[in-house]
Amino acid sequence: MISKPKGTEDIIFNKAKQIKYVEKVIDEVMEKYNYNYIDTPIFESTELFHRSVGDASDIVTKETYDFTDRGGREMTLRPEGTAGVVRSYIENKMYGMASQPIKLYYNGPMFRYERPQAGRDRQFSQFGVEVLGSDDAMVDAEVISLAYNIYKTIGLSNIVVNINSLGDTESRDNYRKLIVDYFTPHIDDLCDDCKRRLNSNPLRILDCKVDADSEIMKNAPSILDSLNKESRQHFDKVCEYLDILQVPYSINSSIVRGLDYYDHTVFEFVDKSMEGNSNVLGGGGRYNNLVKELGGEDIPAVGFASGISRVLLALEAEEVSLDINEDIDLFLLYVNEVEKNYAIYLTQELRMNGFIVETEYLNRSLKAQFRQADRLNSKFVSVLNSEDLDNNEIKVKNTKTKEEDVINLDALIYYLEEKSNDEVMDDIYNLDNE
Ligand code: HAM
């Protein structure tokens, strides 16, 4: 038997339903915020990720799926969505469009060759947003609150956003010098990765999971103290707007993010009910230099992304059950060929009128058909009977109350509509009484 590649998953049945539910919420909230859906290629030129995510980043050095195509071109399966969206923004000249800023969202598979564990897959679905064309702090705050509201609408209630600022290039250059001076005398006490980072990417030392609790790390200078006036003002404004939007945040100066394109605001969402590394549900930040780095104009931008599997883990940790419909409305049973023909016709007719209807596909006995209706949680069952059909009638039985009504076939749709309205009212009534 050939099995699925390590770090990938067959998303089936209940999990598939949960994901569809989460994706529906994402689409609905994105629509409210007026973000436009964008779908970019799953593979791009390798160079795109080297120039955006960064040559020295863990993602590019250790985790990309690279291949040479049959035409000899160097290609990479996208490890994240921002690079492709920015490439598309430049290529499609979105900066020239009348309506600015450009607000985009996406949802699709990403690929990283990581050590698989819960919430860390080699192929994973990520949704995200990118807003290009405004450097106003209100956009940073909107992106954060949009993500927060998606989590909240899905049903998560233990979410907090950790936020930091990396400042502009000047602030970051100053800070880089400061921490290189600070860590150099302690180099022997750092982990191997951090020893390497001291030369290649010193800011990433702050994000190290291995050395996180060491005294050296705790006493490291904070980047927030190195921000110049403009950077500090931008950060203060983001916090002010988050207060207005009532998003709970906590300022955490050790957040630096694993991708190289960020400046100013960076943030990560964590679910406090979850443990370990995978409690980060999503993250993002501002990247005012990336459009220019990739050959476009000097255009500021900010964005965020989140892994869908992490959202499912958070739902599990918070013990949230999603409001997923597990029932069908009606199961049509039959015995002979005439009734079967009618079942085929009626199933389609009712489905086209908005009902979830199933019928028998295996010519089983009536008893077995009842069992199938039961397995499918059918709210109503109807045994089609030639005699009833000749009289233009149908018997419909409520599987819960066991009540049965004989209905004129022409009134079946109205009957089912009325019954499902009654049920909605019952649900509301029961909720009120809980
Ligand atoms: P990131 O932090 O690398 O940022 O990934 C964002 C989210 O994707 C993570 O917080 C996590 O939920 C999910 N994720 C990442 N790797 C995996 C994995 N191996 N398995 C499952 N889920 C994973 C970015 O990707 C940036 N592009 C975010 C951004 C958008 N910044 C600005 N705009």
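Reader: Which hand does the crossing of α1 and α5 have?
Author: The crossing of α1 and α5 is right-handed. A crossing is left-handed if the near helix is turned anticlockwise from the far one by less than a right angle, and right-handed if clockwise. Helices (H or I, at least four residues) and strands (E, at least two) are DSSP runs, numbered from the N terminus.

Reader: Is this an experiment or a prediction?
Author: This is a predicted model, where local features need pLDDT of at least 70, side-chain atom pairs count only at pLDDT 80 or more, and totals for chains, interfaces and linings use all residues. Residues are numbered from 1 along each chain as its sequence is written, and side-chain values use heavy atoms, with hydrogens and water left out.

Reader: At what angle do the axes of α1 and α5 cross?
Author: Roughly 135°, and the axes of α1 (residues 13–32) and α5 (residues 137–154) come within 10 Å. Axes are lines fitted to C-alpha atoms, for helices over the stretch in contact, and angles run from 0 to 180 degrees between N-to-C directions. That makes α1 oblique to α5. Angles under 35 degrees count as roughly parallel, over 145 as roughly antiparallel, 65 to 115 as roughly perpendicular and the rest as oblique.

Reader: Which residues make the contact?
Author: From α1, Tyr 21, Val 22, Val 25, Ile 26, Val 29 and Met 30; from α5, Leu 146, Ile 150, Thr 153 and Ile 154. Contact means heavy atoms within 4.5 Å. These residues divide into 9 nonpolar, 1 polar and no charged. Ala, Val, Leu, Ile, Met, Phe, Trp, Tyr, Cys and Pro count as nonpolar, Asp, Glu, Lys and Arg as charged, and the others, Gly among them, as polar.

Reader: New topic. What order do the strands of the sheet take?
Author: The order is β1-β5-β6-β11-β10-β9-β7-β8, an open sheet of 8 strands with mixed pairing. Two strands pair if DSSP finds at least two bridges between them.

Reader: Which strands stand at the edges?
Author: β1 (36–37) and β8 (249–251); each has a single partner strand, so one side of each has no neighbour in the sheet.

Reader: And how many bridges join β10 to β11?
Author: There are 5 bridges between β10 (residues 280–286) and β11 (residues 301–307), and the two strands run antiparallel. Gly 283 is opposite Ala 305 in β11.

Reader: Back to α5. Which strands does α5 lie across?
Author: β5 (102–111), β6 (123–132), β7 (159–165), β9 (263–271), β10 and β11, and α5 runs at about 15° to β11.
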